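Hi,

Here is the model I promised to pass on to you. Have a look at it first, and then read my notes below.

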Amino acid sequence: MTISIQGTWGTGKTSLMQIVQDKLKAEQKTKCIWFNTWQFSQFNMDSELAVSLLSCLIEELTLSAEKKEKVNRTTQAIR
């Protein structure tokens, strides 16, 4: 599941997401991965967004070091 919250600056989006994350973590049935897209839109780095998201997911997932290295080499090739 992916959750997206949109609103103007200062309306509490991050606070709401942190509350949701805390509730999900308390249930211990889900894995929450926090990925902030703000930096990519703010600094015109749209082309880096997909690869950076994949890199974040890989780092957060439970993979063997060998598999992580293989995926990291693939993402470097994509870049």
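What share of the 79 residues in the chain is buried? Buried residues make up 13% of them, where buried means under 20% relative accessible area, exposed over 50%, and partly exposed in between (1.4 Å probe, protein chains only).

A word on the source before the rest. This is a predicted model, in which local features need pLDDT of at least 70 and side-chain atom pairs count only at pLDDT 80 or more, while totals for chains, interfaces and linings use all residues. Residues are numbered from 1 along each chain as its sequence is written, and side-chain values use heavy atoms, with hydrogens and water left out.

Now the overall picture. The chain has four helices and zero strands, taking helices (H or I, at least four residues) and strands (E, at least two) as DSSP runs numbered from the N terminus. The order of the elements from the N terminus is α-α-α-α. About 6,800 Å² of the chain is accessible surface, and 54% of that belongs to carbon and sulfur atoms; these areas come from the Shrake-Rupley method with a 1.4 Å probe, and for residues only the protein chains shown count as cover. Of the contacts (heavy atoms within 4.5 Å) with a separation of 6 or more, 20% are between residues 24 or more positions apart.

Next, a helix pair. Helix 3 (residues 49–60) packs with helix 4 (residues 65–78) at an angle of about 175°, and their axes are 10 Å apart. Helix 3 is therefore roughly antiparallel to helix 4, a term for angles over 145 degrees. Axes here are lines fitted to C-alpha atoms, for helices over the stretch in contact, and angles run from 0 to 180 degrees between N-to-C directions. On the helix 3 side V51, S55, I58 and E59 take part, and they meet K68, V71, N72, T75 and I78 of helix 4. The residues of this contact divide into four nonpolar, three polar and two charged.

Then the cysteines and their surroundings. C32 counts as buried because its relative accessibility is 19%, and C56 does so at 16%. The disulfide count is zero, with a disulfide being a pair of cysteine sulfur atoms within 2.5 Å.

Q21, in helix 1 (residues 13–27), is buried at 16% relative accessibility. Leaving aside residues up to four places away in sequence, Q21 touches C32 and W34. V20 also sits in helix 1, and at 26% V20 is partly exposed.

Best wishes

Conventions. Angles under 35 degrees count as roughly parallel, over 145 as roughly antiparallel, 65 to 115 as roughly perpendicular and the rest as oblique. Ala, Val, Leu, Ile, Met, Phe, Trp, Tyr, Cys and Pro count as nonpolar, Asp, Glu, Lys and Arg as charged, and the others, Gly among them, as polar.
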